[in-house]
Amino acid sequence: MNAPTETRVAPAASLDIARIRADFPILQLPSNGKRLVFLDSAASAQKPRQVIDAQSHVYEAEYANIHRGVYDLSQRATAAFDKARTKVRKFINAASDREIVFVRNATEGINLVAQTWGRKNLKQGDQIILSEMEHHANIVPWQMLREETGLELVVIPITDSGELVWEAYEKAFTSKTRLVAMTHVSNALGTITPMAEIIKVAHSHGVPVLVDGCQAVPHMPVDVQALDADFYVFSAHKLYGPTGVGVLYAKAKILEAMPPYQGGGDMISSVTFAKTTYADIPQRFEAGTPNIAGTIALGAAIDYLEGFDRQALLAHEQALLEYATERLQALNTITIYGTAKNKAAVISFAIQGVHPHDVGTILDFEGIAVRAGHHCAQPVMDRFGVPATTRASFGIYNDFDDVDALIHGIAKVQEIFGS
């Protein structure tokens with residue numbers, strides 16, 4: 001089967017995609033003897049040389065434990081670590097460095113909120129509003145808290161296009177509603193939720209909002225003050241940074257009222273066997289030695305991204321999304337799940353009569369890396385009545401040749417299975 005062609009849209013004039021690709025060492029290596037086409041950035045993005053070098057430099061030239069040593073290495077490591085916090089604060093426009101808590105990943109950030117703020121403020125019969133498109137990380141922690149406290153989870157449905165049923169959301173609030181926890185961008189569908197409006201409605205009822213921003217921060221500028229988010233979480237590894245580092249943003253007044261999540265070193269003011277007093281925020285929530293090198297490398301990832309015109313990057317990814325969508329829709333036996341009008345560069349699809357794992361395996365032989373499965377979003381799969389989908393997700397290093405390779409790979413799948 002010959003894949004139909006479509007008209008390409010040129011990338012923004014300010015972007016040199018070939019130069020961007022050259023910054024990523026792994027993209028220079030072949031996959032199964034072919035040009036690597038990496039289309040799984042929604043799971044974890046590749047790392048530019050600048051981030052790799054920043055992390056290596058810490059271990060090679062300035063590694064020591066932080067916030068403790070009076071010697072030069074420790075002082076330099078501490079300064080670099082604290083500078084990374086400032087970079088994160090500016091990146092999402094938080095009001096203060098004190099509002100930035102470093103965690104292992106966004107999942108830990110949500111668990112931290114559930115086990116501290118949640119335990120303190122939620123009781124039997126209280127309600128948390130979620131949406132049908134949430135990642136497991138924004139479902140399971142609340143279910144665990146439900147088992148402990150007897151609270152209720154209210155799930156807002158989504159439409160066939162993958163958009164929030166707005167009327168259901170507006171009507172979901174009751175006198176028992178205590179929190180809204182919702183994704184900014186769906187990892188399975190690409191839907192960009194109207195987060196500013198979601199927060200505005202919740203606040204009109206006096207209800208705080210936790211935002212899962214994992215899929216938002218890599219694709220678009222995020223301003224937590226403009227959104228008026230109460231909590232906002234994201235992971236470094238989806239932001240072209242290292243694994244093992246995440247960010248919990250929360251308004252200072254909320255953090256100050258939250259009890260510690262874990263006990264240990266660096267989160268205390270003083271310790272005796274009779275009594276412990278805790279450190280101020282954010283250190284109160286950062287027990288033990290953190291991922292020092294990884295956190296500094298997160299700062300390097302932010303520096304890297306901010307070296308570009310973010311709007312130009314967004315426009316390029318949107319052009320790739322539109323091009324890939326048009327080409328997929330032109331193929332027979334393809335169903336795309338997630339067709340929201342406002343959507344990030346993520347496409348989930350199925351080929352009639354072919355299991356997504358088989359699609360992923362055949363594409364891998366062609367050097368194409370996609371995700372096949374439920375994408376840690378089983379309720380989304382249940383909503384659309386499928387066990388799994390194949391997902392192609394784009395990053396700043398993808399180009400139109402990657403889309404063409406995907407389409408030709410899918411045509412080969414269809415040829416093999418006669419679909």
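Visitor: Is the crossing of α11 and α14 left-handed or right-handed?

Guide: This is a predicted model, where local features need pLDDT of at least 70, side-chain atom pairs count only at pLDDT 80 or more, and totals for chains, interfaces and linings use all residues. Residues are numbered from 1 along each chain as its sequence is written, and side-chain values use heavy atoms, with hydrogens and water left out. A crossing is left-handed if the near helix is turned anticlockwise from the far one by less than a right angle, and right-handed if clockwise. For α11 and α14 the crossing is right-handed.

Visitor: At what angle do helix α11 and helix α14 pack?

Guide: Helices here are DSSP runs (H or I, at least four residues; strands are E, at least two), numbered from the N terminus. Axes are lines fitted to C-alpha atoms, for helices over the stretch in contact, and angles run from 0 to 180 degrees between N-to-C directions. The axes of α11 (residues 310–329) and α14 (residues 400–417) are 10 Å apart, and the angle is about 20°.

Visitor: Is His-375 buried or exposed?

Guide: His-375 sits in the loop between β16 (371–373) and α13 (378–384), and its phi is positive, near 60°, though the residue is not glycine. Buried means under 20% relative accessible area, exposed over 50%, and partly exposed in between (1.4 Å probe, protein chains only). His-375 has a relative accessible area of 7%, so it is buried.

Visitor: Which peptide bond is cis?

Guide: Pro-282 lies in the loop between β12 (276–278) and α10 (292–305). With omega near 0°, the cis bond is the one from Ile-281 to Pro-282.
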